[in-house]
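Let's take a walk through this model together. Please have the structure open as you read.

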Amino acid sequence: MPTTPKRKAGARYRQTVSVSPQRSNGSGSVTTSSSQTEPAAAVEASPNVSQSQLTEARGQRNFAHPDFTDIGLMLKEYNDALGDIQLLGVSHVVLPELVLVGDQSSGKSSLMSALARLNLPTSSGICTRCPFHIRMSSSKDSHVSCTVSLQQEYEYRPPMTRSIRQTDVTKKNPFPPWVLKPITETIVFKTIYENDPIIIDEILRWAQIATLNPSQNPSQFVPGEGGYAKENSLETAKRSTEARFSPNVVSLEMKGPRFPDLSFFDLPGIFAVAENKGDDYLVDVVENLTRKYVGREGAIIMLALPMDHDIDNSRTLKIIRELNAESRTIGILTKADRPNFGVADTVATWLEVLDEKRQRVKENGFYITSLPPDEPLDSIWEEVFFRSGGTKWPGAFDNYNHRCGVDQLRPHITKELGAAFSSRLPNIKEEFKRRLEEIEGHLNKLPDLPQNVEHEVRMSLREFYNSVKYAVNSQEFEQRCKELTDAFYNNLMELKPRCITITEKVKPTPEEIVTISDESEDEATGSKRAAPRDSLISPTPKRRRRNDTELFVTPVKAEASPSSVAFKSPITPIPCLFQKSNENRVKLSLLEIQKDIKLKTRRGFSDVVPLQVHEKLCLSAVSQWEKPLEEYIDKSTAMLMAAVTEALESSLKHFSNRLIYKESYELLTAFLREKGAHQREKLLDLYKNETYRAVTINERGLKYFEAKEKEVLENHRICLRAKDAGFTETVKFRRDELLSQEEKAAQSRLISNWKAQLPEDDFEREMDVAAKVRGYYLVAATRFVDGVSMDINSRLFRSFREGALDDYLESKLGLFPYPSLETYSRLMEENVVTAQKREQLRKELQKLQSAEKRILQLECSLTKYTIPHQQDSQPSTTYIDEAFKRNGKMEM
């Protein structure tokens with residue numbers, strides 16, 4: 001067997017029944033339990049016990065009167081029922097409760113451990129940083145269970161830009177930055193089935209850490225299980241908590257053989273000065289916490305007062321006086337082994353306290369304890385100390401021996417709690433009934449829900465999912481996608497590089513500037529001729545003249561042009577869906593191309609055009625696509641949003657004023673935003689690929705486009721040179737698709753005649769470069785539009801066609817994997833406020849119904865005891881008190 005640990009190291013609860021010494025008034029008194037025996041091993045093991053004391057401890061035996069035994073069992077029934085109701089977190093009803101309070105370093109923590117026979121957390125400074133609720137209950141079962149829970153009554157709302165100040169603590173805001181929640185939530189932290197004080201101590205400390213980190217999931221702090229608890233020590237966790245203090249309760253419930261039947265709250269000790277200056281506000285916060293519990297009507301207060309301090313300096317006693325709670329206070333004088341009773345007036349002073357001449361408390365006066373921290377919890381220290389006499393414990397206190405020791409205190413407070421619950425039981429039942437009626441009335445005033453909320457939710461969402469798929473797969477949606485893609489392609493065609501064919505060294509006059517563009521106006525005649533009906537070309541707006549200068553223009557798509565082969569536009573003209581951005585349109589100047597060739601040509605290779613010349617111009621041309629791409633993405637996303645929103649409205653129109661519609665719309669928007677951002681990222685990668693390097697494997701298409709572009713540029717160049725040579729005063733060149741077959745043949749013969757008469761063009765090589773750049777532009781644009789269109793269909797649109805939206809909504813709405821009836825009901829509420837109110841009322845209703853059921857069980861169990869009852873079937877508190885007076889004390 002291991003050596004019994006000291007209290008500060010985590011001593012186990014007492015396994016034996018303590019023996020009370022003979023009272024000075026001559027009445028025998030024995031502590032009884034289910035075993036009714038007292039092993040003397042603990043007494044024999046103490047080296048400070050005299051032979052006479054040992055003989056007395058071994059020989060002292062008695063059995064309680066049957067009525068008294070029933071009273072004890074009945075009090076256990078009361079206390080068990082009260083503990084169960086307290087754990088429910090019932091509000092709006094006044095329940096009796098034991099509350100242990102005191103100043104810091106008053107011996108309160110040692111007292112709490114001794115009362116519960118279990119080592120509980122203490123530390124320097126603020127011993128505990130949140131309230132504890134200790135509930136011990138004996139049972140006939142040989143197994144031990146220990147459950148630690150977190151009662152979340154307050155919500156943590158710290159300031160965003162500063163720390164907490166003392167001025168933040170007010171009457172309306174007593175525990176900043178904690179704010180009262182509408183209803184208390186209880187979370188089970190951990191349950192074990194063993195009575196190891198070291199393990200329990202560790203669980204309680206980690207539960208306190210979890211309470212002080214409200215933004216984190218408590219499961220992260222479960223010792224041996226949570227990720228944070230596995231990676232960090234308790235000391236590290238203690239130094240890095242979000243909050244310095246919490247008014248939320250950590251609850252410990254223990255059941256097992258020979259446990260004391262006891263339930264009480266332990267509050268952090270009141271202190272005058274915080275450890276750190278930044279925590280000065282905690283002085284007021286801890287005092288406010290004590291005021292809250294002391295001020296409760298049903299609170300039975302256990303006030304710890306150390307005998308090595310002046311009782312008149314107790315800050316806690318001052319609060320009790322201010323709240324007129326002396327009549328509900330049990331005074332407990334701790335550290336009885338500390339005073340120097342040899343000093344004059346020390347004994348007299350404490351006798352005045354015990355006689356209630358200095359401070360008045362609840363009837364029966366003060367109790368006295370001595371619990372040195374280095375003594376085991378199951379030692380007989382107090383038995384020996386209070387009978388030793390001499391200077392350690394003067395004989396002047398003999399008249400109060402029946403109030404000396406935790407073993408005398410424990411049954412007294414247990415009786416007080418049970419009796420208070422017994423006397424208040426009729427009122428508690430009435431308060432439960434009244435509150436239940438109030439809640440049911442509030443629930444009846446809220447908007448009605450459908451009879452089968454699960455069916456309504458499931459059917460509505462199923463219809464919505466099917467409508468979305470139908471909308472995205474419909475012919476109408478496909479047509480809109482095609483029109484948008486065509487418009488995107490046309491927009492890129494409008495950005496095809498222009499070619500400036502003027503080559504004079506001097507600055508040309510406006511009449512001499514000739515550009516090759518994609519306008520469709522016939523400048524030679526000054527009129528605009530409509531395109532043939534079978535033309536695939538969309539008419540473009542008339543271009544403003546520059547001082548009546550005749551401009552030679554290149555059509556976007558000529559009849560039988562390469563672009564019409566690679567990408568056909570619909571017969572119906574497409575309206576301009578994209579903003580024109582011709583301001584920064586790339587211009588190919590033959591003179592600039594010539595300069596660039598000379599700059600980048602190596603010596604000895606003057607007949608070869610460097611690749612860098614082509615690539616620079618090609619990449620410059622495609623770099624204009626980012627803005628049109630962004631517009632295309634925006635319009636595609638908007639088009640998709642319009643389609644699925646219409647599906648939502650048609651499917652959930654009957655519930656447009658309920659949360660299912662509002663939340664589905666918000667989640668739909670969030671889903672589209674998320675998928676749209678991912679799609680944008682992928683398409684911008686495609687754009688970056690195009691601007692990285694000019695590459696294509698479509699050499700056949702490139703040669704085709706290059707040849708067509710060379711023909712267009714060369715014809716315009718011939719017309720310009722013919723005018724300069726004086727062959728004609730005006731150039732009447734028009735696009736092929738605007739001419740009849742006869743006119744087209746006549747124009748072709750005219751250009752051929754001029755070409756035969758003109759010398760070889762000095763800019764032939766530069767014309768080849770311009771034609772290749774424009775040809776590559778057409779190849780790259782076709783490839784880019786195809787890639788963008790395919791990607792957005794196979795990625796963004798696909799996520800709506802194949803059910804990704806369905807899974808997203810099911811998860812976010814709480815319908816997967818294990819939805820509850822409350823989830824369906826919430827979705828059918830009219831708004832968030834109504835849903836929250838209904839949920840709060842339902843939770844409170846469930847708690848009150850459970851509490852009522854527990855009281856009914858209590859009343860049924862009381863019928864088996866042979867105790868006189870009053871007419872209301874409640875036991876007589878007076879009879880209980882008289883029985884205790886006749887039989888002495890009884891340990892619960």
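Residues are numbered from 1 along each chain as its sequence is written, and side-chain values use heavy atoms, with hydrogens and water left out.

The protein chain has an average pLDDT (the predictor's confidence in each residue, from 0 to 100) of 79, and 78% of the residues score at least 70. Residues 505–576 fall below 50, yet this stretch has 134 contacts (heavy atoms within 4.5 Å) beyond near neighbours in sequence. Where pLDDT is low, the predicted coordinates should not be read in detail.

Now for the rings. The whole structure holds 21 aromatic pairs, meaning rings of Phe, Tyr and Trp (its six-membered ring) with centres within 6.5 Å; planes under 30 degrees apart are stacked, over 60 edge-to-face, and the rest tilted. F385 and F386 make an edge-to-face pair, 5.1 Å centre to centre with 75° between the planes. Both F385 and F386 are buried (under 20% relative accessible area, with exposed over 50% and partly exposed in between, using a 1.4 Å probe and protein chains only). Ring pairs also join F385 and F386 with F341, W381, W393 and F397 in a cluster.

What is the relative accessible area of F477? The value is 2%, so F477 is buried. F797, at 1%, is buried as well.

Key. This is a predicted model: local features need pLDDT of at least 70, side-chain atom pairs count only at pLDDT 80 or more; totals for chains, interfaces and linings use all residues.
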